[in-house]
Amino acid sequence: MSGRWAAAPPVPSLLKVLLALQCGVVFLQCSAASSMSGDVSALLAFKRAIIDDPHSVLSDWTDADGNACDWHGVICSAPQGSVISLKLSNSSLKGFIAPELGRLSFLQELFLDHNLLFGTIPKQIGSLRNLRFLDLSVNRLTGPIPSELGGLNSVSLIDFHSNGLTGNIPPELGKLQNLVQLRLDRNRLKGSIPGSNTGSYSPTGNIGSTAHNGLCPSPRLNVGDFSYNFLVGKIPPCLKYLPRASFQGNCFQDEYSTQQRALQICISGSTGQRGGINGPKHPAHKHERMQQPTWLLVLEIATGVLLVVFVITGIVTASRSCKLKPSIRISSWNRSKSWSDEITVLIDSDMLKSLPKLSRQELEVACEDFSNIIGSSPETVVYKGTMKDGPEVSVISLCAFEGHWTSHHELFYQNKVIDLARLNHENIAKFVGYCRESDPFSRMLVFEYASNGTLFEHLHYGEGAQLSWLRRMKIAIGIAQGLRYLHTELQPPFAISELNSNSVYVTEDFTPKLVDFECWKMMFSKHEKALSHFNSKASFPGHGDSAEDKHADIQGNTYAFGVILLEIISGRLPYCKDKGYLVDWASKFLQEPEEIGKLVDPELSNVRTEDLAVLCSVVSRCIDPDPSKRPSMQIITGVLENGIDLSAAAILKESSLAWAELALAL
């Protein structure tokens with residue numbers, strides 16, 4: 001018996017091993033659960049810091065199940081694993097970047113670009129040791145770049161371009177040995193680029209030491225952009241392998257640099273920097289200036305006198321040649337081989353002077369220091385404000401940089417101001433004035449504010465009961481009347497650049513107001529078509545677009561109006577990833593009169609079949625694939641006005657409830 005027992009397997013030892021394995025699995029599960037719980041907490045903190053989410057991209061961010069892996073923009077390493085990616089680009093999010101994002105210890109990608117985020121970059125971001133991509137570009141971020149970002153050991157891309165960052169470039173960024181792309185352009189950074197403290201550097205040096213050599217120890221950096229800041233001094237020799245365009249639009253004093261800012265702009269942009277752009281002025285510099293030779297001083301005085309004489313002569317000659325209507329001569333501020341260097345354009349100065357001009361200061365006060373943002377695009381930011389005399393306004397600020405603003409942009413802007421100022425109709429947003437200043441560089445347009453949001457918001461994000469059939473009919477006819485005015489009553493006619501339900505604002509009584517916010521896309525476009533447009537007479541005030549182009553734009557507006565009518569009828573989006581294009585879906589019903597009832601928004605009640613038939617007939621003609629077969633807005637508006645009866649008698653006959661609604665709507 002003793003021998004048999006001796007040969008038996010060591011059961012207690014086996015049990016210990018199994019128990020240890022089980023404990024290990026439980027420990028890993030607990031660790032994973034704890035990690036996910038921390039990630040959820042960090043992401044919810046980020047959501048709380050967002051004060052406006054117009055597209056509801058964070059609507060599914062709830063802690064009901066404690067799992068963030070199914071949330072919009074969130075990617076996990078495995079089902080219910082750690083968060084490794086957060087992508088919320090182009091989401092129009094307005095708010096702060098929560099410091100709690102620094103708790104996402106396994107995060108590898110953070111894309112928050114093209115939003116309306118403001119405030120500073122949290123230093124806690126620097127604790128994300130696994131982060132490889134950091135993109136916070138095209139926001140409204142301010143303040144300095146945290147030196148703690150030098151702790152991003154794994155990062156290969158940092159993109160902060162097109163913000164309002166200030167202060168110096170932290171030399172700690174030189175610790176980032178894996179950094180391949182660094183974009184800091186189009187900010188307000190000052191000081192010099194931290195290069196190397198020594199003549200050479202070794203990529204194998206001690207990266208963790210505090211005595212690093214600025215950006216030069218970054219051996220993998222092959223894309224770097226520091227343009228359009230207020231950087232001074234000289235470009236570090238170790239970075240001169242980068243294109244010269246990477247350093248333009250600064251205040252460098254370096255033979256390698258090109259297209260730098262004017263001296264006055266550099267001084268005004270560096271008011272917070274001791275000693276101006278040249279650093280502190282030492283007594284030795286003053287002493288050297290006092291020892292200037294006498295003959296050189298006489299030469300400088302003589303040159304100055306001659307220059308004054310030439311200037312006075314030029315002014316007198318110019319004043320004599322301009323007798324009736326002077327022309328404004330605008331030279332190209334940023335010369336380009338693809339455009340002519342100088343163009344003289346005739347603009348009616350008296351007409352410009354007659355338009356209401358507003359100062360940036362009064363608009364800044366009206367818009368609460370430009371903090372009240374109600375919309376944005378890559379070309380513009382739209383603010384809401386209240387003027388001193390009471391009216392509410394929408395202020396459209398062009399996202400333009402002085403270094404990129406050429407004479408062609410200025411001509412387009414002035415032409416558009418004149419064009420918009422001539423619009424005067426109940427269903428067109430009223431032009432209030434414009435702002436055109438150089439310090440700081442500003443190009444803005446001001447319109448009367450429609451306080452009830454856009455038609456798009458009411459149709460797709462509002463309450464269905466609020467936008468009843470009666471109100472939808474009123475809006476449809478109002479849009480048609482506005483387009484009839486633009487297309488047929490104005491000479492030359494006017495076309496909305498991108499007509500859609502987002503370009504239709506509504507007032508408190510649901511009167512539609514058309515706006516043309518997207519006209520600036522072409523101005524900032526780098527496409528050859530835009531360049532040819534600027535080079536043609538069509539871009540100059542006093543010269544309209546070609547008849548063919550204008551007719552094509554008007555036909556495009558007609559098609560877009562048909563799409564808007566389909567949105568009004570169905571409540572569906574113009575395009576949905578799951579359902580495709582609204583026009584394609586609706587076409588099969590439009591072709592069968594007995595099927596048009598299937599187009600109606602199921603939330604609607606009191607739908608009048610006569611109105612629906614009129615709308616569908618108009619839609620069919622507006623969206624005709626052959627533009628030449630689309631009727632004019634004169635005809636379309638007449639069909640709607642005659643076919644849809646909004647008179648009191650007709651509404652009373654239909655329903656007493658509808659009559660009460662009409663009284664409120666009208």
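In what order do the 5 strands of the open sheet lie? In this predicted model, the order is 1-4-6-8-10, with mixed pairing. Strand 1 (50-52) and strand 10 (164-165) form the edges, each pairing on one side only. Strand 10 runs parallel to strand 8 (residues 140-143), and 2 bridges join them. G143 has L165 of strand 10 as its bridge partner.

The largest nonpolar core contains 76 residues. L486, F561 and L640 have the most contacts inside this core. Helix 10 (residues 469-489) supplies the largest share, 10 residues. A further core of 59 residues lies apart from it, and I50, A68, L152 and V155 are among its members. In soluble globular proteins, nonpolar side chains tend to be buried together.

The contacts of F561 were examined individually. With residues up to four places away in sequence left out, F561 touches A476, I479, A480 and L483, as well as L499. V618, C622, M633, I636 and L640 are also in contact with F561.

Helix 14 (residues 582-590) has two contrasting sides. L582, V583, W585, A586, F589 and L590 are buried. These residues lie on the same side of helix 14 because they cover an arc of only 160° around the axis. D584 and K588, on the other side, are exposed. The cover over the buried residues includes helix 13 (547-570), strand 23 (580-581) and helix 15 (609-622).

How values were computed: Residues are numbered from 1 along each chain as its sequence is written. This is a predicted model: local features need pLDDT of at least 70, side-chain atom pairs count only at pLDDT 80 or more; totals for chains, interfaces and linings use all residues. Side-chain values use heavy atoms; hydrogens and water are left out. Buried means under 20% relative accessible area, exposed over 50%, partly exposed in between (1.4 Å probe, protein chains only). Helices (H or I, at least four residues) and strands (E, at least two) are DSSP runs, numbered from the N terminus. The arc is that of the directions from the helix axis to the C-beta atoms. Contact means heavy atoms within 4.5 Å. A nonpolar core is a set of buried Ala, Val, Leu, Ile, Met, Phe, Trp, Tyr and Cys residues joined through side-chain atoms within 4.5 Å. Two strands pair if DSSP finds at least two bridges between them.
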